[in-house]
Amino acid sequence: MSESRYKVRVSKDYLVFCSGHFITYLGDQCERLHGHNYRVAVEVEDDLDVNHYVFDFIALKDLTRAITDELDHRMLLPTQSPLIRLEEDGRNWRVRYRDRHWSFPRDECVLLPIANTTAELLADYIAGRLRNAFIAKGLPLPRVLRVEVEESFGQSAEAEWRR
């Protein structure tokens, strides 16, 4: 058995999403509504398969792009926040934080099963979606999956999952 370790990484110009969001912090603060041009990179570590691949680059890019495309040009809203409340309001989502509230068209929002729309939790969400996509496509789960979400140049967060 080889002592070499193998990994592949994809970071393409089209693995991006431009989205609005706001986060809560310090227990009683809420950011102003703003947005980012997020960039996503995905890294997979594992042994080589029968084709001498760690993971097929094309499959990894396509699965990641499908997720980033769903997030692109949307308002990102957390459904698990103890501080932010979402209410259906006809064709809109009414979003409340204390005495502040916003209204967004439902079809322009993505409801995310996370507590806050931080780069860290977005990376973890994308990693979970990728794992589910691997399973759905009959692809093996890698030993290590890392997802990096950059929200602005030089400012990123990473989530790592291990089998």
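I kept to the residue numbering that runs from 1 along each chain as its sequence is written. Because the model is predicted, local features need pLDDT of at least 70, side-chain atom pairs count only at pLDDT 80 or more, and totals for chains, interfaces and linings use all residues, while side-chain values use heavy atoms, with hydrogens and water left out.

At the N-terminal end I found Asp 56 as the cap, with a side-chain oxygen 3.0 Å from the backbone nitrogen of Ile 58. After H1 comes His 73, whose phi is positive, near 55°.

I then turned to Thr 64, which sits in H1 and is buried, with a relative accessible area of 0% (buried means under 20%, with a 1.4 Å probe and protein chains only). Leaving aside neighbours within four places in sequence, Thr 64 is in contact (heavy atoms within 4.5 Å) with Leu 15, Val 40, Val 42 and Leu 130.

Last, I checked H1 against H2, whose axes (lines fitted to C-alpha atoms over the stretch in contact, with angles from 0 to 180 degrees between N-to-C directions) come within 10 Å and cross at roughly 130°. Among the residues making this contact are Leu 60 and Ile 67 of H1, and Ile 126 and Ala 133 of H2.

Technical notes. A polar contact is a pair of N or O atoms within 3.5 Å; within protein, one must be able to donate a hydrogen and the other to accept it, and residues adjacent in sequence count only if both atoms are side-chain atoms. Helices (H or I, at least four residues) and strands (E, at least two) are DSSP runs, numbered from the N terminus. Buried means under 20% relative accessible area, exposed over 50%, partly exposed in between (1.4 Å probe, protein chains only).
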